[in-house]
Amino acid sequence: MIQAKPPHSFHIPVMGLGFTVDSPLKVAKFGISSVISIMDDHLLEDMRKIYSQKFGIPFKEIPENQEDYRANRITAFLNLTFDIVASQIQKIKEQGLENAELLEEFSELLPEENPLKSLIEGFLASNGEERILLFEKIKELIQPGAIDVNIMTKVDKLNYDKNGDTLPREFSDALSALRGFANSKINGSVVFSAGLNPALYSYAEKFDCFLPKGNKNPEKGIILKVSDYRSALIQGKFLAKKGLWVSEFRIESGLNCGGHAFATDGFLIGPILEEFKRNRNSLKDSLFEVYQKALSEKGIEVSSNQIAIKITYQGGIGNAKEDTFLRNYYELDGTGWGSPFLLVPEATSVDDDTLQRIINSKKSDYYLSHASPLGVPFNNLRTSSGEKQRIERIEKNRPGSPCYKKFLSFSTEFTEKPICTASRQYQNLKSKQLQNGEISVDQLKEIEEKDCLCEGLSASAILSNGASPRRNLNAVTICPGPNLAYFKGVFSLKEMVAHIYGKLNLNLDPDRPHVFVKEAQLYVAHLKQEFQKLVSSPSSKQENYLEKFRGNLEQGIEYYQDLLKSVQVDSEEIYLKMKDQLQILKQELYSLKPNLI
């Protein structure tokens with residue numbers, strides 16, 4: 001729905017389970033929006049205890065034997081987050097007149113064009129009655145950054161009662177997470193990522209907080225993270241038929257991103273953003289037609305001037321020129337900056353050991369792995385303590401991980417009740433298959449690449465807050481996008497935000513390609529690997545698919561070549577560099593043939 005324009009043009013997307021779990025507690029008071037993963041209720045309960053102690057707030061544990069404990073834990077953590085952020089904003093409003101540093105700190109992070117910035121600067125330079133009047137205006141405009149939550153739609157395991165019987169569908173992981181958010185004080189949005197989940201999307205219809213009331217917007221919003229226009233239209237219409245409006249489409253690069261990588265069929269981000277730009281109004285109109293009809297059947301009337309759609313992009317942005325070009329040329333409402341914020345302790349929770357491993361890493365240490373039990377390619381860091389632990393376990397003849405949280409337990413290959421492919425139980429069973437000659441050594445190696453993401457992606461948040469994870473599972477798995485390889489050092493929040501807005505240029509690796517070129521390079525490398533697989537396992541169907549992929553990729557590169565001729569994308573130096581790199585990529589594509597690999 002139509003909302004006030006946020007103070008900042010960027011947001012911090014969700015990263016892992018724990019890297020942004022407390023980001024709103026760090027940055028929302030500066031008007032910066034961020035996203036919490038609400039998939040791991042164990043982590044949220046531990047973090048609620050940590051922050052309750054930090055702020056002197058009574059803590060009462062929510063045990064696993066309590067009915068609906070998962071949703072209740074999520075609600076409790078989100079309520080604590082809401083209360084702390086509200087008190088931080090209230091402090092600025094109550095003490096800002098006497099303690100000008102609070103406003104100065106808020107102002108220095110704002111983009112230059114933000115009217116609130118000039119208002120605060122006027123306040124700081126004034127005195128007497130004028131100062132008081134300006135402060136009253138500022139108080140009306142000061143707002144926290146959005147506290148949004150992320151639900152990865154594929155992580156939706158069914159759960160069981162103490163007798164081992166399957167609980168009703170609404171107690172599955174994703175549905176109970178949504179219930180936890182819906183019942184909380186948080187008035188941000190839920191970000192659905194990783195594709196359409198019919199049961200989850202249908203369940204959202206049951207909560208009034210996602211529906212408009214008279215002329216008022218819904219209390220909570222829905223954001224879809226998508227990789228292309230078709231996905232946005234299909235998912236948006238599914239939700240609209242339920243009377244649910246998608247207030248924002250967050251377009252994410254298929255490969256130039258952190259975490260799980262959902263590659264498109266060779267479609268590059270430039271053409272994708274162009275399609276959104278070209279069809280923005282028709283997207284809104286087609287969704288509104290379905291939405292209005294669904295609400296009418298519920299007895300709710302809504303007019304088209306009540307609603308709006310935001311379009312944002314995230315993935316691999318590295319400097320202010322790229323950010324500005326993306327927002328201006330494609331008419332975006334904002335951008336997402338993820339992995340670079342892993343180097344900003346004031347914004348994310350990365351433990352010191354992992355921070356040093358990132359700083360000391362080489363470009364070759366960033367790679368797409370088979371680590372995820374979901375079977376989706378996963379951005380990984382070779383030098384992480386989690387990867388070190390995984391290899392050590394294999395060397396000790398004890399592959400796999402103890403499985404306590406079970407969020408990714410989906411395999412019924414050996415058992416009636418699903419187990420996780422990263423678990424020791426599953427990997428031992430696969431080892432026996434190797435001994436019996438049922439699978440190859442290479443197949444087992446790929447299985448042994450699976451890592452316990454439930455523990456690895458949450459440990460850092462506990463460690464960075466000076467506590468120990470449960471069962472002393474301290475190994476950290478980190479999932480940065482390939483863009484992070486070009487950032488070196490630890491930065492303050494002020495430095496990173498100034499870099500985003502072009503007030504300061506962080507010293508990035510000079511070999512860093514433009515965001516468009518980097519993604520194209522990743523896709524060409526991905527296609528090469530797929531062609532290589534075709535040599536050992538020939539398939540005419542797969543070969544036809546890869547040729548289609550190649551064609552889409554070629555069109556994307558040609559789109560960039562045409563764009564460079566018609567628009568100033570960047571500086572002359574970057575233009576010449578991009579021109580050469582795109583031509584090289586095009587030649588590589590021409591040379592790709594299964595029989596030539």
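A residue is called buried when its relative accessible area is under 20%, exposed when over 50%, and partly exposed in between (1.4 Å probe, protein chains only). The model shown is predicted, so local features need pLDDT of at least 70 and side-chain atom pairs pLDDT 80 or more, while totals for chains, interfaces and linings use all residues. Residues are numbered from 1 along each chain as its sequence is written, and side-chain values use heavy atoms, with hydrogens and water left out.

**View 1. Salt bridge E387–R390 in helix α13 (residues 385-395).** A salt bridge is a side-chain nitrogen of Lys or Arg within 4 Å of a carboxyl oxygen of Asp or Glu. The N-to-O distance between E387 and R390 is 2.7 Å. Because the two residues lie three apart in the helix, about one helical turn separates E387 from R390. E387 counts as buried because its relative accessibility is 6%, and R390 counts as buried because its value is 13%.

**View 2. Salt bridge D353–R357 in helix α12 (residues 352-359).** The closest N and O atoms of D353 and R357 are 2.8 Å apart. D353, at 39% relative accessibility, is partly exposed; R357, at 23%, is also partly exposed.

**View 3. Salt bridge E45–R48 in helix α2.** Here the closest N and O atoms are 3.1 Å apart. Both E45 and R48 are buried.

**View 4. A network of salt bridges.** D41, R70, R73, K157 and D173 are linked in this network. The structure holds 32 salt bridges.

How values were computed: Helices (H or I, at least four residues) and strands (E, at least two) are DSSP runs, numbered from the N terminus.
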